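Please walk me through this structure. Start with its aromatic rings, then turn to one helix and its neighbours.

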Amino acid sequence: MQFGIFTVGDVTTDPTNGTTPSEHERIKAMVRIALKAEEAGLDVFATGEHHNPPFVPSSPTTMLGYIAAQTSKIILSTSTTLITTNDPVKIAEDFAMLQHLAEGRVDLMMGRGNTGPVYPWFGQDIRQGIPLAIENYALLRKLWREDVVDWEGKFRTPLQGFTSTPRPLDGVPPFVWHGSIRSPEIAEQAAYYGDGFFANHIFWPTSHFQQLIGFYRQRYEHYGHGAADQAIVGLGGQAFIRPKSQDARSEFRPYFDNAPVYGHGPSLEEFTDQTPLTVGSPQEVIDKTLTFREHFGDYQRQLFLMDHAGLPLKTVLEQLDLLGEQVIPVLRKELDSLRPAHVPEAPTHESLKAASASVEASV
């Protein structure tokens, strides 16, 4: 079981004092948070990709490469890589380069993002979102797995005798997750290739994601990758932690009430009742996160959103200490003890390399 954090990299005013970090301060804070995540014993740091204010992570591999140079254990990932508007050739080369720099501590999550205008900014049509995701990913896989590629599709110029460089580290491409909050076509895509499916269920009711994850598991088995309960699933989560529950709710409430995404809507109590958001003590976060397995089955990756809505860096670092010291050790022990022996662990570069070597030896 892998535990980590993801960030969307928002630049948001702190509602308690009216201060707004500069883009420079927010970027440096994201790096500090990633370093703290490794220090706190987390397994994964993932950054989003955005090309519009109020977000700053427009170049994830640049940031992750910088973080890779300062870390040694943590897996560096994305919480969205825009497969619809990025050139698959550039994705192939950027992430292979990052693989080499990070000694394999890299995976990525394909997504379409949540900003409609990004499509025309990059010369694409939002009405072609699903076809773009399907075609571009098919090309990306080919670029990583074939040394010389001849290819022709609908959405970009053909390739003739093209070799993407550098080649993936050890001949093993990064593991890919496909993220979606609403599209069964993306769950189908993940299942078809035997890739991971990540459901960032932080805003929608559990019942919606039970259907989406259930569909992915069924199709994973249909395509012969293993039993449905062996499918590779990741989940999002959200928490604000203090030793005392009342302190957590009192401190987080102004950030919740003014958050750009869900502020001025449902109350904090209503939102925590209907979504994975937990605001309370470490034990409350543990208890609620353990219910995810009851809803979705055994899964491989749990990422928490911890640094949004204008929370100051000092507070986020304190949150990571609490998460790493009092929450994740208990979750890791409990969830690992409940996982049946036939359910796989989360893929890593080393496990994928070993699997590839095993296949080659049997041929």
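Tyr-137, Tyr-192, Tyr-193 and Tyr-223 form one aromatic cluster. Rings of Phe, Tyr and Trp (its six-membered ring) pair if their centres lie within 6.5 Å; planes under 30 degrees apart count as stacked, over 60 as edge-to-face and the rest as tilted. The model is predicted: local features need pLDDT of at least 70, side-chain atom pairs count only at pLDDT 80 or more, and totals for chains, interfaces and linings use all residues. Residues are numbered from 1 along each chain as its sequence is written, and side-chain values use heavy atoms, with hydrogens and water left out.

Across the whole structure, a search finds nine aromatic pairs. One of them joins Tyr-137 and Tyr-193 edge-to-face, at 5.2 Å centre to centre and 80 degrees between the planes. This pair links distant parts of the chain, 56 residues apart: Tyr-137 sits in helix H5 (residues 129-145) and Tyr-193 in helix H6 (residues 184-193). Helices (H or I, at least four residues) and strands (E, at least two) are DSSP runs, numbered from the N terminus.

Tyr-193 is partly exposed, at a relative accessible area of 23%. Buried means under 20% relative accessible area, exposed over 50%, and partly exposed in between (1.4 Å probe, protein chains only).

Phe-240 and Phe-252 make a stacked pair, because their ring centres are 5.1 Å apart and their planes lie at 25 degrees. Phe-240 belongs to strand S10 (residues 233-241) and Phe-252 to helix H8 (residues 245-257), so the pair ties together parts that are 12 residues apart in sequence. Both Phe-240 and Phe-252 are buried.

Now take helix H2 (residues 60-68). Seven of its nine residues are buried, so H2 is mostly covered. The buried residues are Pro-60, Thr-61, Met-63, Leu-64, Gly-65, Ile-67 and Ala-68. They pack against helix H1 (23-39), strand S2 (44-47), strand S3 (75-78) and helix H3 (88-101). Contact here means heavy atoms within 4.5 Å.

How do H2 and H3 lie against each other? Their axes come within 10 Å and cross at roughly 5 degrees. That makes H2 roughly parallel to H3. Axes are lines fitted to C-alpha atoms, for helices over the stretch in contact, with angles running from 0 to 180 degrees between N-to-C directions. Angles under 35 degrees count as roughly parallel, over 145 as roughly antiparallel, 65 to 115 as roughly perpendicular and the rest as oblique. Thr-61, Leu-64 and Gly-65 in H2 meet Asp-94, Phe-95 and Leu-98 in H3.
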